[in-house]
Amino acid sequence: MKQVADKTDSDMADDSNPGGRQVLATQDLEQARDIITRVYIPHALRTRDGSPLDFRLRHLRSDRLTVGHCIYGADAELTVPPMRDCYHVNMTLHGHTAVSQRREAATTVGGESGVILGPSEPFTVRWSPEAVQYALKLPRLSLEAHLARLINRAVDRPVRFDLGFDLSGAPGQALLSAVRFLREELTRPGGISTMPMARDQLESLVMTQLLLTIPNEYSGLLHAPDRPAGRHVVRAALELIDAHPEETLTVAELAEAVGTSARGLQRGFANSIGMSPTAYVRSVRLDRVRAELLAGAPGATISDVAMRWGFFHLGRFAHQYKERFGIRPSEALAQARRAQRGQTEG
């Protein structure tokens, strides 16, 4: 096995070197099998014509998922026993694959389709030599708990998904974009890999989009219009946000905390206060930032204060702050410190 620098492709880095451009590469069948077993799942691997591989993998792990960019470079076939504790998603970018599980079969085509493999049954995946895929591993507990929060009911068994799903339409393109953005941010030096609050939000976005994109037994609930949360539920959510704006609650987690669904909470917020839960959280955090800046934020920089309250993209934060309060954060801090000096000198 070798690690080679890839200066032209910024898609993915090996998780042993975040921020780098390392590619795990080998022509050896057993080495490739060992890599995928270590990163994803135990399996048997063979090439159907006996030719050597041109295997390459860029991958990383975040708290709730593993995401990689994988190429076998041969007519390769993987036979996988039941995974038990995870789901596996392949989104084909180039080439094609043939997949079977539960007496179902699906063919994926680059840029057009993908598959999701459930945890309870063995499966087989055959790669064409030119096939390139995003490969996601999602722990059962993470995905099922996220689904339960979205629909506000218990999920106590593996979710039944359709084996194949479309990537060419708007939902599939949104899923691809979410995965691509997560990968870019996790490999960017100083990106969300160092920011648990932002990473949690982006992981939740990927899981939500996956559940909305891939047909499953809960699709009716996920896509059905929910009744708006009542005013007392919205009030409880507002009180929770006001008390703990620094918490990393997603909309789904906030909805679970107040006993409603995510969509119901969003509609309730729109009806009651004219904004989404996310927008309200942002407004409260901006208020907390402003209070610190007006106090002069002794010993702290604007970026320190902003990041303490969950604003990790400083350019966007500065725009939002000026839009809300009419001046830039730097101006607010400068004014506060001038006032403090005047009081001291006076």
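Here is a walk through the fold, from the whole chain down to a handful of single residues.

First, some ground rules: the model is predicted, so local features need pLDDT of at least 70, side-chain atom pairs count only at pLDDT 80 or more, and totals for chains, interfaces and linings use all residues. Residues are numbered from 1 along each chain as its sequence is written, and side-chain values use heavy atoms, with hydrogens and water left out.

Let's start with the whole thing. The protein chain holds 12 helices and 13 strands; these are DSSP runs numbered from the N terminus, with helices being H or I of at least four residues and strands being E of at least two. The C-alpha trace spans about 85 × 50 × 30 Å along its principal axes. Of the 346 residues, 49% are buried, where buried means under 20% relative accessible area, exposed means over 50%, and partly exposed is in between (1.4 Å probe, protein chains only). The accessible surface comes to about 16,000 Å², and 51% of that belongs to carbon and sulfur atoms. Those areas come from the Shrake-Rupley method with a 1.4 Å probe, and for residues only the protein chains shown count as cover.

How does the chain connect to itself? Take the contacts (heavy atoms within 4.5 Å) with a separation of 6 or more: 69% of them are accounted for by residues 24 or more positions apart. As for charge, there are 42 positive and 40 negative side chains, and the centres of the two sets lie 4 Å apart. In that count Lys and Arg are positive and Asp and Glu negative, while His and the chain ends are not counted; each charge is placed at NZ of Lys, CZ of Arg, CG of Asp or CD of Glu.

Now for the inside. In soluble globular proteins, nonpolar side chains tend to be buried together. A nonpolar core here is a set of buried Ala, Val, Leu, Ile, Met, Phe, Trp, Tyr and Cys residues joined through side-chain atoms within 4.5 Å. The largest one has 45 residues, and the members that touch the most others are M91, L136, F161 and L210. Two or more residues each come from β5 (66-71), β7 (86-94), β12 (132-139), α2 (140-151), α3 (170-187), α4 (196-213) and α7 (251-258). The largest share, 7 residues, is from α4. A second, separate core has 29 residues, including I35, V39, A74 and V80.

Setting aside neighbours within four places in sequence, M91 is in contact with S113, G114, V132, Q133, Y134, L136, F165, L167, L175, L176 and V179.

Next, a few side chains that reach for the backbone. Polar contacts here are pairs of N or O atoms within 3.5 Å; within protein, one must be able to donate a hydrogen and the other to accept it, and residues adjacent in sequence count only if both atoms are side-chain atoms. T26 sits in strand β2 (residues 22-26) and is buried, at 8% relative accessible area. A polar atom of the T26 side chain lies 3.0 Å from the backbone nitrogen of D28. T187, in helix α3, is buried with a relative accessible area of 2%, and its side chain reaches the backbone oxygen of R183 at 3.0 Å. S219 belongs to helix α5 (residues 219-223) and counts as buried because its relative accessibility is 16%. The S219 side chain reaches the backbone nitrogen of N216 at 2.8 Å.

R84, in the loop between β6 (76-80) and β7, has a positive phi of about 70° although it is not a glycine. R84 is exposed, with a relative accessible area of 54%. R103 lies in the loop between β8 (96-101) and β9 (104-109), and it too is a non-glycine with a positive phi, about 60°. R103 is exposed at 88% relative accessible area.

Finally, two residues that fall in between. R46, in strand β3 (residues 44-47), counts as partly exposed at 40% relative accessibility. Beyond its neighbours within four places in sequence, R46 is in contact with L29, D75, A76 and E77. A334, in helix α12 (residues 329-345), is partly exposed at 30%. A334 and G296 are 38 residues apart in sequence, with their C-alpha atoms 8.0 Å apart in space.
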